[in-house]
Amino acid sequence: MKFTDGFWQLRPGVDALYGQEAYDLEQQGRSIVATVPTRIIARRGDTLNRPVLTVTLHAPLPGVIGVRVEHHTGGADEVGFDLVGAEDGHGEVTLSAEGATLVSGEVTATITRGAPWSLVFTETSTGRVLTSSAEKSLGYITLAEHAQVDGAPVGNARAGTARQHARHYLHEQLALGVGELIYGLGERFGPLVKNGQVVDIWNADGGTSSEQAYKNVPFHLSSRGYGVLVNHPGHVSYEIGSEAVERTQFSVAGESLEYYIVGGGTPAGVLERYTALTGRPARLPAWSYGLWLSTSFTTDYDEATVNSFIDGMAERELPLSVFHFDCFWMREFNWCDFEWDPRVFPDPDGMLQRLHDKELRVCVWINPYIGQRSPLFEEGKAAGYFVKRPDGSVWQWDLWQAGMALVDFTNPEATAWYQGYLRKLVAQGVDAFKTDFGERIPLEVDYFDGSSPERMHNLYTQRYNEAVFEVLEELKGEGEAIVFARSATAGGQTMPVHWGGDNTSSFESLAETLRGGLSLAFSGFGYWSHDIGGFEGSPDPGVFKRWLVFGLLSSHTRLHASENYRVPWIFDEKEGRDEADPQSAVSVTRRFTHLKHQLMPYLHAAGLEAHRIGTPIMRPMQLAFPGDPAVAYLDRQYLLGPDLLVAPVMSADGEVEFYLPEGRWTDWWTGAVVEGGRWRRETHGFDTVPLYVREGAVLPIGARVDRPDHDYLDGLELRVFPGADGETELTVTTPEGADATFSVVRSAGSVQVTATGASAFSARLAGGDVVVTTDGSLTL
């Protein structure tokens, strides 16, 4: 949101007052409180008839400093994010004649007394400046009715879900250093580097080809080794080197603004601190990493259709882990009533048992809305379980489901009522829920607990997914719960997995989908998926097969669409290609599903790392190689886990250009060792993709290709890739929690492997012969 007209002037209808000086500073426990008047106080009379901002610094965790800016404090307390890791007792305060300092681990904040206003954040051990708030950074803005601050309100503008301009705003501007780049802010489908962009944190159902986003997270990560979380679940407007090109500005409506500077030194270190504050990604079951197949959305299907898909996959030796039933498992107009449509699924209990007998998990679609024709509508209305209009009537509209209402998840009884129907489905045999929607949340409503509608707009999806995830954890156990969610905000990473929303069937949409996933990874989300081949439209076989490879080299993999089935053989029929052809969709599905299953000891370990310290499984190049300036803008490749570089093919002719960072890299397919620090251009058939192994890697390879969940230590092979002399340690953890630790020591051309917790395993140098041991050690 822009308030200024160039460097000197304000926009019409805008009045701005800026924090001018740290007039006085005081210590309150482990906090610093600064009185910041909006003019320089030269005499006593200057203290009158002028707003004052109160700035409070505190430390909720080591390496994190919170800054709260307040004008009037007499209003109702507003909800912020659930900062589950925040603790008391952190931070050391020092007051001096020059100013005040708060030290929190590796982040230090210093306020200088007097004018001009100066708040500087530095790295404690080195004194390196991270960022700063300076003259005209702290702004208190008042808008007249005719104020021209930006364009028309956006964000699903029907029925009052659009943002409306408030009267008062607070903004902060943090310095952007020379060459400093900004990443994150949720799952955004435009350029990965956010510099120069205007970003509105406002959940919207806008697809992947617009500036809107399903998962808006007011957290950005800087290439200088820090992050910033704005603790405001409602609308946050960012101007990232746009309105003021030397600064990152964020503004919120109201009388207070709170943000947190998150240290860490490296992008991975920042995410570790950020997810310590907002919550780690949950641990996910191993079976969830396998292939998910869906009925698709508006296609025709019944149990016979479902069985034909499942049996067709089995006949073609295409391993399947999860079958998903989309919306029409319930009767049309009844979403949600949580009842199987008896016209097409007359025996749901028997059907679910038959699917489980085939060793499949079952996922069903839900949303947080209750259509007027649903038998639950009158029940919820009578009990007061729906979000209401100010006049006390139930808020309804006809977009999506006719006469639909929203469950009010701020009402504990409403939440328990909704959860009760989910428990019945789990008891029936449902293993997971696709938690769709949650973005089009209106503003002209009242919530049970009095929450601000503006703040609940983005926070609604958090309460919705919490309700669902809680049921699954309760009934399935920790580490076995999984949702397939579309919308999210800060903290949503604690309830995985999330998929990229409604994309289209083109290479361009494949590219924008990947950008969204990388942006989400920079926002603290450890797992991610997407609709293979695009949700809207019918992809040509080439697009489908290239996307299939990308999907099977993502943390989670789903075949799903809007109007078309996504079973692979349909694309071979369309192309007139023999399924036995290595370039066929069936063969590509088999090859890469088998590969993913072989990699499960490695991927499972990467998932446990996401759960333990917040490092995502899909790692943007900037996160993995922060010291390499050549990767700063790369958005068409990534690391899958710590050691596998993937560059999806996004062209009809199979040509792909990608960058290998410094070091020796091994081509997964050929075993060729190539030098990094340079660009490569390759051409690939449908059965390969640029897949390179990092120097020094030791990859644990599983023995089974038919499923992702098995005993990884049974038949385990360690594949040792070229690297310098020294020791590499890795731990392999089975889905049941058994651990084995392996020490791999390279020395003078030989490799010694020693295991703790495993006696029988094999190992080999990349391209070499397999060596087997039964006594826990071997030499290569």
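**Surroundings of a tryptophan**

Reply: The model is a predicted one. Leaving aside residues up to four places away in sequence, tryptophan 340 touches Phe325, Trp329, Phe345, Pro348, Met351, Leu352, Val364, Leu425 and Gln428. Tryptophan 340 is placed in the loop between strand 23 (322–325) and helix 3 (348–357).

Me: Is tryptophan 340 buried or exposed?

Reply: A residue counts as buried when its relative accessible area is under 20%. The relative accessible area of tryptophan 340 is 7%, so this residue is buried.

Me: How far apart in space are tryptophan 340 and methionine 330, C-alpha to C-alpha?

Reply: In sequence, tryptophan 340 and methionine 330 are ten residues apart. From C-alpha to C-alpha, the distance in space is 5.0 Å.

Me: Why do the buried residues of helix 4 line one face of the helix?

Reply: In helix 4 (residues 375–383), the residues Leu376, Phe377 and Gly380 are buried. They line one face because, seen down the helix axis, they fall within an arc of 110 degrees. On the other side of helix 4, Pro375, Glu378 and Ala382 are exposed.

Me: Which residue just after helix 4 takes a positive phi?

Reply: The phi angle there is about 75 degrees, and the residue is glycine 384.

Me: What is the relative accessible area of tryptophan 400?

Reply: Tryptophan 400 is found in the loop between helix 4 and strand 26. Its phi is positive, about 85 degrees, although tryptophan 400 is not a glycine. Tryptophan 400 is partly exposed, and its relative accessible area is 27%.

Me: What is the relative accessibility of leucine 185?

Reply: Leucine 185 belongs to strand 15 (residues 182–186). Although it is not a glycine, leucine 185 has a positive phi of about 70 degrees. Leucine 185 counts as buried, with a relative accessibility of 0%.

Me: Which strands stand at the edges of the open sheet of six strands?

Reply: The strand order in this open sheet is 29-30-31-36-33-34, with antiparallel pairing.

Me: Which residue is the bridge partner of threonine 666?

Reply: Strand 33 (residues 664–667) pairs with strand 36 (residues 691–693) in the antiparallel sense over two bridges. The partner of threonine 666 lies in strand 36 and is valine 693.

Me: Which residue of strand 38 stands opposite leucine 699?

Reply: Strand 37 (residues 698–701) is covered on both faces, with Val698 and Pro700 buried on one side and Leu699 and Ile701 buried on the other. Strand 37 pairs with strand 38 (residues 717–720) in the antiparallel sense over four bridges. Opposite leucine 699 stands arginine 719.

Me: Which strand supplies the largest share of the lining of the largest pocket?

Reply: The largest pocket has a volume of about 710 Å³. Its lining consists of 30 residues, of which Glu78, Ala253, Gly254, Glu255 and Arg455 lie nearest the centre. By class, the lining has ten nonpolar, eleven polar and nine charged residues. The largest share, three residues, comes from strand 21.

Technical notes. Residues numbered from 1 in each chain as written. Predicted model: local features only at pLDDT ≥ 70, side-chain atom pairs only at ≥ 80, totals over all residues. Heavy atoms only, no water. Pairing = 2+ DSSP bridges. Buried < 20%, exposed > 50% of the residue type's maximum accessible area, 1.4 Å probe, protein only. Arc of directions from axis to C-beta. 1 Å grid on protein atoms, 1.4 Å probe; cavity = no way out; pocket = protein on both sides within 12 Å on 5 of 7 lines; lining within 4 Å. Points joined across faces, edges and corners; volume = space filled by probe spheres on them. Nonpolar A, V, L, I, M, F, W, Y, C, P; charged D, E, K, R; others polar. Contact = heavy atoms within 4.5 Å.
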